[in-house]
Structures are given as structure tokens and as C-alpha cells.
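These are my notebook entries on one structure. The sequence and model come first, and my look-ups follow.

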Amino acid sequence: MARFLIVEARFYDHFNDMLIAGAKAALKATGHRADVITVPGALEIPAAISLADATGDYDGYVAIGVVIRGETYHFEIVAGESARGIMALTMDGIAIGNGILTVENEEQAVVRADSTQKDKGGEAAKAAVALYELKERFGA
């Protein structure tokens, strides 16, 4: 049994609740444990994962958040830089499933967050587990 940390950017409570529920269910179904921490926004998720990984307490991570396009360029910065930060950490060998939704509107967020529809929280947790298993297989 591995221990995973779900790192959520709690900006849209109702969407995050759905994403976290999906992630927890997927981790539980595979026999793993999960803790949850909250950071201010999606840009802080990679830093929180890096800090947590330095402790050695966790085997993998699930990034959870929702970024909805607004009227300014800020959407592109948050979406791109949070993904870039997570990708950089995975290239360093950290098992991370990216469940940060980047959507045009709340309707798209509902479809992706709801575990009875696209279940992107559950999918992110499954990705984290798959990377953890590969890490174990290759002895990394």
C-alpha cells in the first residue's frame, strides 16, 4: 500500500469536492492511502508537491484544481505554468497525476469533475498510481 498526497488549489469548492472524491475513490480502489492538502492556487501546486516530496512521506501525488478562462491572459499563464511545473517534477521521477482542469466555462468543469461523467480526479489518481508502479518496477 502506497501513500499519496492530493494537492488541491481550492478556488472552486464544488468542482474540487467532485475531483477529490473521484481521486480518493480511485486510490482506495487500488488499495492506497491518501492525504489532502490545500494551496492557494494552481501555480502553487508544483511547489507544494516538491516540498512534500522532499520529506519522503509520500509515494505519489495527485494535482487537483480548476482554471476557467476569463477575460485576460492570466488563464494561459496559470494553465501553462502549472502544467510545466508538474511536468518538470515528473521528469525528475516524481509520480504525479495532473487533475488540474483547464476549461472555457463552468459547464465544461462540471462534466470533467463529476465522477459519473469524465471523472478527471479519478483519472489523475490512476495516472499517479501507474507512474508509481513504473517507478517501483524500474527501481527508481
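**Entry 1: Val 66**

Leaving aside its neighbours within four places in sequence, with which residues is Val 66 in contact? I work from a predicted model, in which local features need pLDDT of at least 70, side-chain atom pairs count only at pLDDT 80 or more, and totals for chains, interfaces and linings use all residues. Residues are numbered from 1 along each chain as its sequence is written, and side-chain values use heavy atoms, with hydrogens and water left out.

I found Val 66 in contact with Tyr 12, Phe 15, Asn 16, Leu 19, Leu 101 and Ala 109, once neighbours within four places in sequence are set aside. Contact here means heavy atoms within 4.5 Å. Val 66 belongs to strand β3; helices (H or I, at least four residues) and strands (E, at least two) are DSSP runs, numbered from the N terminus. Val 66 is buried, because its relative accessible area is 7%. The classes are buried under 20% relative accessible area, exposed over 50% and partly exposed in between, with a 1.4 Å probe and protein chains only. I also recorded a C-alpha to C-alpha distance of 7.7 Å between Val 66 and Ala 42, which are 24 residues apart in sequence.

**Entry 2: Asp 35**

I next looked up Asp 35, which lies in strand β2. With a relative accessibility of 26%, Asp 35 counts as partly exposed. Not counting residues up to four places away in sequence, Asp 35 touches Arg 3, Phe 4, Leu 5, Ile 6 and Tyr 58. The C-alpha atoms of Asp 35 and Ile 68 are separated by 26 Å, and these residues are 33 apart along the chain.

**Entry 3: helix α2**

Which residues of helix α2 (residues 45-55) are buried? I listed Ile 45, Pro 46, Ala 48, Ile 49 and Ala 52. They cover an arc of only 160° around the axis, so they sit on the same side of α2. The arc is that of the directions from the helix axis to the C-beta atoms. The buried residues of α2 pack against β1, β2 (33-39), β3, α3 and β4. On the face turned away from the buried side, I noted the exposed residues Leu 51 and Ala 54. Gly 56 follows α2 and has a positive phi, near 75°.

Asp 119 is found in the loop between α4 (106-113) and α5. Its phi is near 50°, a positive value in a residue other than glycine. At 15% relative accessibility, Asp 119 counts as buried.

I then checked the length of α5 (residues 120-137). Its 18 residues should span 26 Å at 1.5 Å a residue, and the end C-alpha atoms are 25 Å apart, which agrees. The expected span is 1.5 Å times one less than the number of residues. In α5, the buried residues are Gly 121, Gly 122, Ala 124, Ala 125, Ala 128, Val 129 and Tyr 132. Seen down the axis, they fall within an arc of 160° and therefore line one face of α5. Their packing partners are β1 (3-9), α1 (13-29), β3 (60-68) and β4 (96-103). Just after α5, Gly 139 takes a positive phi of about 65°.

**Entry 4: helix α3**

Ser 82 is found in helix α3 and counts as buried at 2% relative accessibility. Leaving aside neighbours within four places in sequence, Ser 82 is in contact with Ala 42, Leu 43, Pro 46, Ile 77 and Ile 100. Ile 77 also lies in helix α3 (residues 74-91), but Ile 77 is partly exposed, with a relative accessible area of 37%.

**Entry 5: salt bridges**

How many salt bridges does a search of the whole structure find? My search of the whole structure gave eight, a salt bridge being a side-chain nitrogen of Lys or Arg within 4 Å of a carboxyl oxygen of Asp or Glu. Arg 69 pairs with Glu 76, the closest N and O atoms being 2.5 Å apart. Arg 69 is partly exposed at 33%, and Glu 76 is partly exposed at 31% relative accessibility. Arg 10 forms a salt bridge with Asp 17, with closest N and O atoms 2.4 Å apart.

The side chains of Glu 81 and Arg 84 meet in another salt bridge (2.8 Å, N to O). Because they are three residues apart in helix α3, Glu 81 and Arg 84 are separated by about one helical turn. Elsewhere, salt bridges that share partners join Glu 8, Arg 10, Asp 13 and Asp 17 into one network.
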